[in-house]
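I opened this entry to keep track of what I looked up.

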Amino acid sequence: MRSAELVAGSRGGGNRVQRELAPLALVAPVTVPNGRRARAESEPWTRTSRRAPPTVGIKLKRQVLPELYARQAVTVFEQEHFQGKCLEFTSECCNIEECGLDNIRSIRVESGAWVGFEHHDFQGQQFVLERGEYPHWDAYSGSLSYHVERFMSLRPIYCASHQSSRMMIFERENFMGRSVELCDDYPSLQAMGWMWPEVGSMHVQCGAFVCYQHPGYRGQQYIMECERHSGDYQHWKNWGSHCQTPQIQSIRRIQH
């Protein structure tokens with residue numbers, strides 16, 4: 001067993017809770033008498049089933065709970081430390097310049113989960129924003145390898161559900177190769193049993209996740225949602241317009 005640190009609240013701080021995480025288990029499908037497939041962690045590897053049900057005869061349905069569509073609210077500020085001109089948003093904004101702001105340099109998320117983008121029209125670097133305060137760029141950037149302070153569009157993540165998020169990651173593109181099912185937070189995939197520094201494709205069954213390029217929730221961020229692409233991310237180029245590599249080394253659930 002390995003312990004991982006889950007950060008509650010804003011990314012810039014908050015209470016820390018210790019949780020015990022079991023090692024990841026590679027999923028190998030086996031045939032059962034009724035002709036369906038079930039996951040078996042101890043069987044020799046044969047081939048990967050794209051959407052293996054968690055138990056025999058039960059299929060996991062993608063769902064978004066109605067209460068998750070409650071009011072989403074975020075206040076953005078033109079200057080750091082919540083100074084300067086500010087605006088409140090309760091829905092997406094594809095270009096903050098059209099709303100009278102030159103840039104966003106600090107953020108206060110009052111409810112819901114949001115994703116911010118470096119450029120207009122939801123393009124470029126992605127920044128996950130959960131409930132809390134972000135007084136400056138470093139608080140939400142995820143320690144990116146290069147410094148960028150542009151923040152020009154944002155939208156809510158309606159399907160975020162910390163308690164009921166589930167996804168499959170695959171070794172190769174188009175849901176091929178070995179796979180593993182995730183339903184927790186993993187600060188290091190390799191430490192938990194994933195043997196590769198990269199992920200070829202993903203299928204989000206329910207909820208939303210943020211994937212990071214490096215261990216410890218650092219580097220480029222990629223937001224994966226069950227409502228986008230029907231939850232199917234067949235190739236790493238589907239992860240975002242800024243994605244240049246399939247390298248993923250830590251993943252966590254997005255808190256609503």
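My notes on the chain follow.

**Ground rules.** I am working on a predicted model, where local features need pLDDT of at least 70, side-chain atom pairs count only at pLDDT 80 or more, and totals for chains, interfaces and linings use all residues. Residues are numbered from 1 along each chain as its sequence is written, and side-chain values use heavy atoms, with hydrogens and water left out.

**Overall make-up.** I looked up the secondary structure and found zero helices and 18 strands in the protein chain. Helices (H or I, at least four residues) and strands (E, at least two) are DSSP runs, numbered from the N terminus. Of the 256 residues, 51% count as buried. Buried means under 20% relative accessible area, exposed over 50%, and partly exposed in between (1.4 Å probe, protein chains only). I then checked contacts (heavy atoms within 4.5 Å). Among contacts with a separation of 6 or more, 65% are between residues 24 or more positions apart.

**Record check.** UniProt, in an unreviewed entry, lists "domain: Beta/gamma crystallin 'Greek key'" at residues 72–111, 112–158 and 165–206. Its positions are given in the numbering used here, feature names are shortened, and annotations may be inferred rather than shown by experiment. I looked at residues 72–111: the chain there is 0% helix and 50% strand, and the end C-alpha atoms are 5 Å apart.

**Strand β8.** Is β8 enclosed or open to the outside? Five of its six residues are buried, so β8 is largely enclosed by the rest of the structure. I traced its partners, counting two strands as paired if DSSP finds at least two bridges between them. β8 joins β11 (residues 153–156) through four bridges, antiparallel, and Phe117 stands opposite Ser153 there. β8 also pairs with β9 (residues 123–129) over five bridges, again in the antiparallel sense. Gly116 stands opposite Phe127 in β9. The hairpin of β8 and β9 has three residues between the strands, and Asp121 takes a positive phi near 60° in this hairpin.

**Four-stranded sheet.** I read the order of this open sheet as β13-β12-β14-β17, with antiparallel pairing. β13 (176–182) and β17 (232–233) stand at the edges with a single partner strand each, so one side of each lacks a neighbour in the sheet. Five bridges join β12 (residues 166–172) to β14 (residues 201–206). Met167 stands opposite Val204 in β14.

**Three-stranded sheet.** This open sheet has the order β16-β15-β18, also with antiparallel pairing. β16 (218–225) and β18 (250–253) are the edges, each with a single partner strand, so one side of each is left without a neighbour in the sheet. Four bridges join β15 (residues 208–214) to β18. The bridge partner of Cys211 in β18 is Ile251.

**Cores.** I defined a nonpolar core as a set of buried Ala, Val, Leu, Ile, Met, Phe, Trp, Tyr and Cys residues joined through side-chain atoms within 4.5 Å. Which members of the largest core touch the most other members? Of its 35 residues, they are Ile157, Ile169, Met202, Trp239, Ile248, Ile251 and Ile254. β8, β12, β13, β14, β15 and β16 each supply at least two residues. β15 gives the most, with five. I also listed the contacts of Ile157, not counting residues up to four places away in sequence; among them are Trp114, Ile223 and Ile254. A second, separate core of 20 residues includes Phe89, Cys93, Ala139 and Leu154.
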